[in-house]
Amino acid sequence: MRAETASLGWETCQAETVADATDQWLLDTEVSYRSANISHARHFSYGMLLNFDKAVDEMHLSEAGNRTQLLDLAAGTTWLTDLLAQRGASCVALDMAAAKYVGLESADVFMKKHLTYYERVLGDMNKLPFRDNSFDIVLSHSAIHHSPNIRDALSQVRAVLRPGGSLFLVNEPTLSLSGLFDAPITGEEQVRGENPTSLFGYLLALRRAGFSSIRMYFPPGLSHRLDTLAETNRLGDPRGKGQKVKYFFIGRILPLWNRSPVFRYIIRRYLFWPYAFVVGQFVIIKASKSARQAA
Ligand SMILES: C[S@@+](CC[C@H](N)C(=O)[O-])C[C@H]1O[C@@H](n2cnc3c(N)ncnc32)[C@H](O)[C@@H]1O
């Protein structure tokens, strides 16, 4: 019931965005993410796509002898499932939303245009309808933070992964210290069922769900952001005091530090953790199921 509410909420929130949508609009999703990075919104999306590209590199899809069985968890319109299918993965897209331009029905447009094929499953990521040991890779792109119980959802993901298989959490937002000073999430964000946890919360939940090897990557989207913030210093309107401080830090202080090669190195090597903790960040985490573990 809770999950249905979340999904209905998502469809309701998207209704206005997709009211004038066309098939071409859908097909342009990747183009609009990639094309420009001048305004904040686009800049932000471009960074997310860089993070996705990094995760795809780490999936080594072209090296796999047999076709990689990949589950795209809460796949939305399936635009990323389609990109993965184009790279040769044998994909299944799962989401609670079916409606065209929001959910799984959108896949018809991608498949027709790109001559791809992937299965679609209308279902709940909190009750995965798959046999144990079914997938080599599970991708959660901006998705698992919609689960009301992330640890439970991760346990189910681990069960459906084959021994040696990996989960990629990509562009999952983290709760941060500065967020504590912001107004509580209300309205659309609440309806959509946003339920992010801290970076530590994700790592702990992965451990508790039984994942054995957990690796975090420095997000290329953040690197890009640091490199371009001085020129594209438009971060939107702060929601509260916390965001004001955060915007000052990432809009003014970090770009200054970033000019020095020594600081650039330090930021990338050591500051991700404190950065994610204080400011919040989209994470890229790879977590694997031990090759010796069955379900
Ligand atoms: C932010 S969107 C991400 C969609 C897609 N992964 C992407 O990156 O474009 C979140 C998605 O989660 C789906 N969702 C929310 N709760 C869900 C649940 N319990 N089971 C399956 N899907 C769910 C929504 O329908 C929505 O498509």
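Start with α7 and α9: they pack at about 45°, with their axes 8 Å apart. Helices here are DSSP runs of H or I, at least four residues, and strands are runs of E, at least two, numbered from the N terminus. Axes are lines fitted to C-alpha atoms over the stretch in contact, and angles run from 0 to 180 degrees between N-to-C directions.

This is a predicted model: local features need pLDDT of at least 70, side-chain atom pairs count only at pLDDT 80 or more, and totals for chains, interfaces and linings use all residues. Residues are numbered from 1 along each chain as its sequence is written.

Who makes the contact (C-beta atoms, placed from the backbone, within 7 Å)? From α7, Ile 150, Arg 151 and Leu 154; from α9, Ala 205, Leu 206 and Arg 208.

Now α9 itself, residues 199–208. Which of its residues are buried (20 or more other C-beta atoms within 10 Å of their own, C-beta atoms placed from the backbone)? Leu 199, Tyr 202, Ala 205 and Leu 206. Seen down the axis, they fall within an arc of 135°, so they line one face of α9. That arc is taken from the directions from the helix axis to the C-beta atoms. These buried residues pack against α7, β5, β6, α13 and β7. Just after α9, Gly 210 has a positive phi of about 100°.

Last, the whole chain. It has 13 helices and 7 strands. Of its 295 residues, 39% are buried.

Note on methods:
A residue is buried if 20 or more other C-beta atoms lie within 10 Å of its own, exposed if 12 or fewer, and partly exposed in between; C-beta atoms are placed from the backbone. Two residues are in contact if their C-beta atoms, placed from the backbone, lie within 7 Å.
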